Amino acid sequence: MRIFDPHIHMTSRTTDDYQAMYASGVRALVEPSFWLGQPRTSPASFFDYFDALLGWEPFRAAQYGIAHHCTLALNPKEANDPRCTPVLEELPRYLVKDGVVAVGEIGYDSMTPAEDVALATQLQLAAEYALPAMVHTPHRDKLAGLRRTIDVVAESNLDPEHVLLDHLNETTVKVAADSGSWLGFSIYPDTKMDEDRMVSVLRSHGTDRVLVNSAADWGKSDPLKTRKVGDAMLAAGFSEDDVDKVLWRNPVAFYGLSGRLQLDVPAPEALHEGNSILRGGE
Amino acid sequence: MNRESIDGRLDSAAVAWLDQALAEAAEAADEPDNVAVPRWQLRFAAAGRHCGQENADAVRTLLLRRAAADVGTLTRLYQQGAAAERRAVLLALPDLVPGPEALPLVEDALRTNDTRLVEAAVGPYAAGHLDPHAWRHAVLKCLFTGVPVAAVADAERRAHGDAELARMLADYASERTAAGRSVPADLHRVLIMTGEES
Ligand SMILES: [Zn+2]
């Protein structure tokens, strides 16, 4: 089973995770820039983070045979902090980088006027730089947030078919699908979607334009959820081709809209004994 | 690598892209840029996806040479670059910067643990300009991170007669041995170069 996790925050994960992901079939992933749990207080802090997503993290991933790409943006939560909003002016010079396959994650958190501005501005940037956009739907007041998101997309120059709406569930899938955008589902332990509910959604909705991700980060989450969905799909009678479509071809098609996917990472060589790269050098 | 040998590895769309990029870079060389981000620098960032990652080093260093990038431009491209762009700047230094002014970039790269950067940092520019202490640590860093010592430019000349390097290598070897770990073959290679083997 080949797996592309279209939304996972590897900066917050360990090398054990990379190893386990490779063993379960993960060969490619996209790491969206997001809120780090601790609020940032200056644009420079974002730039170091963006540099890590374009430098150190792809280097780490490649050691485990996994192709790493990222999406960059000012996240909705910090879009509300005037100390952070100058990030928007510097974003263009990052959006031209080879490893950037979308603008994201953008969207709403508390649906404030500052979030309106950040969302509209960044959808515009995506259109300008010929990138798709990765838009998450809010955790609170999700359906209303989704409707407002779809309206802002409709007003932008970005084609809805170049937008991925993420963190969907049973109550939002219909409205999201009608918008013409791609449909993302984050599978978590305990909360939000689980793998069996995901299988039910796939049964009723079908596999078209559906992406499944672990959204694993610094919170309680599981980087192997993509594989667990694949196994649950097979157990429920879906074919291997269905699984490949959802876990590989759909994310490749969506992020491939950027023209920047490079999926040919060599398999990890058994590291020379004593080579200390895996411990981070010294 | 020169233009002809790069072209042999590119498809026709990439060759056309590179033609345009080089023309823009040559223009910038004639007439220093007055726009915020010159077009050839956007192409410098995008080289991997247009010419293939396997050709990106060659294409990017060619662009830097054609634009006759000065230390200020190289520093900005390095600081604002993704890892692959930083690597290209490091590789271009010996052709573009005669003096030691670009050493801070080499030192920055040597502080990372990214072997792509460390490898590019220990080329001829480092051989020509790094002071003995920093150069010894660069060699040791290669041994620690698994960058082949073959990547260290001019290693024979710089290592020769360096008793302090020999001592550092011997200490590292005994630390490895004490831990029950093997001593990298490259360590012996450098130790022989010092001519200070005991
Ligand atoms: Zn996320």
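# Close-up views of a predicted two-chain model

**View 1. The contact between chain A and chain B.** In this predicted model, 21 residues of chain A are in contact with 26 residues of chain B, contact meaning heavy atoms within 4.5 Å. The two chains bury about 2,000 Å² between them, and 44% of that area is on carbon and sulfur atoms. Buried area is the accessible area (1.4 Å probe) that two parts lose on being put together, summed over both. Phe59(A), Lys97(A) and Asp98(A) supply 25% of the area that chain A buries against chain B, more than any other three residues. Residues are numbered from 1 along each chain as its sequence is written, and chains are lettered from A and ligands numbered from 1 in the order in which they are written. Local features need pLDDT of at least 70, side-chain atom pairs count only at pLDDT 80 or more, and totals for chains, interfaces and linings use all residues, while side-chain values use heavy atoms, with hydrogens and water left out.

View 2. Between chain A and chain B the count is 4 salt bridges, a salt bridge being a side-chain nitrogen of Lys or Arg within 4 Å of a carboxyl oxygen of Asp or Glu. One of the salt bridges joins the side chains of Lys97(A) and Glu85(B), at 2.9 Å from N to O. On the side of chain A that touches chain B, the elements giving two or more residues are α2 (43-54) and α3 (56-63) of chain A. Helices (H or I, at least four residues) and strands (E, at least two) are DSSP runs, numbered from the N terminus. The residues of this side of chain A divide into 5 nonpolar, 8 polar and 8 charged. Here Ala, Val, Leu, Ile, Met, Phe, Trp, Tyr, Cys and Pro count as nonpolar, Asp, Glu, Lys and Arg as charged, and the others, Gly among them, as polar.

**View 3. The salt bridge of Asp98(A) and Arg49(B).** The closest N and O atoms of Asp98(A) and Arg49(B) are 2.8 Å apart in a salt bridge. Asp98(A) lies in the loop between α4 (87-95) and β4 (100-107) of chain A and Arg49(B) in helix α3 (residues 39-51) of chain B, so the pair joins two chains. Asp98(A) is buried at 11% relative accessible area, whereas Arg49(B) is partly exposed at 21%. Buried means under 20% relative accessible area, exposed over 50%, and partly exposed in between (1.4 Å probe, protein chains only).

**View 4. Salt bridges within chain A.** The whole structure holds 35 salt bridges over all chains. In one of them, Arg2(A) pairs with Asp244(A), the closest N and O atoms being 2.7 Å apart. Arg2(A) is in the segment before β1 (3-5) and Asp244(A) in helix α10 (residues 240-255) of chain A, 242 residues apart, so that distant parts of the chain are linked. Arg2(A) is partly exposed, at 40% relative accessibility, and Asp244(A) is buried, at 15%. A network of salt bridges links Arg2(A), Asp241(A), Asp244(A) and Arg249(A). Elsewhere, the side chains of Asp81(A) and Arg83(A) meet in a salt bridge at 2.9 Å, N to O.

**View 5. Asn213(A) and Ala215(A).** Asn213(A) is found in strand β8 (residues 210-213) of chain A and is buried, with 1% relative accessibility. A polar atom of the side chain of Asn213(A) lies 3.2 Å from the backbone nitrogen of Ala215(A). Not counting residues up to four places away in sequence, the residues that Asn213(A) touches include Asp5(A), His7(A), Asp166(A) and Phe185(A). Ala215(A) has a positive phi of about 45° although it is not a glycine. This alanine, Ala215(A), is in the loop between β8 and α9 (225-235) of chain A.

View 6. Gly104(A) and Glu105(A) are joined by a cis peptide bond, with omega about -15°. Glu105(A) is in strand β4 of chain A. Met111(A), in the loop between β4 and α5 (113-128) of chain A, has phi near 55°, a positive value in a residue other than glycine.

Methods:
A polar contact is a pair of N or O atoms within 3.5 Å; within protein, one must be able to donate a hydrogen and the other to accept it, and residues adjacent in sequence count only if both atoms are side-chain atoms.
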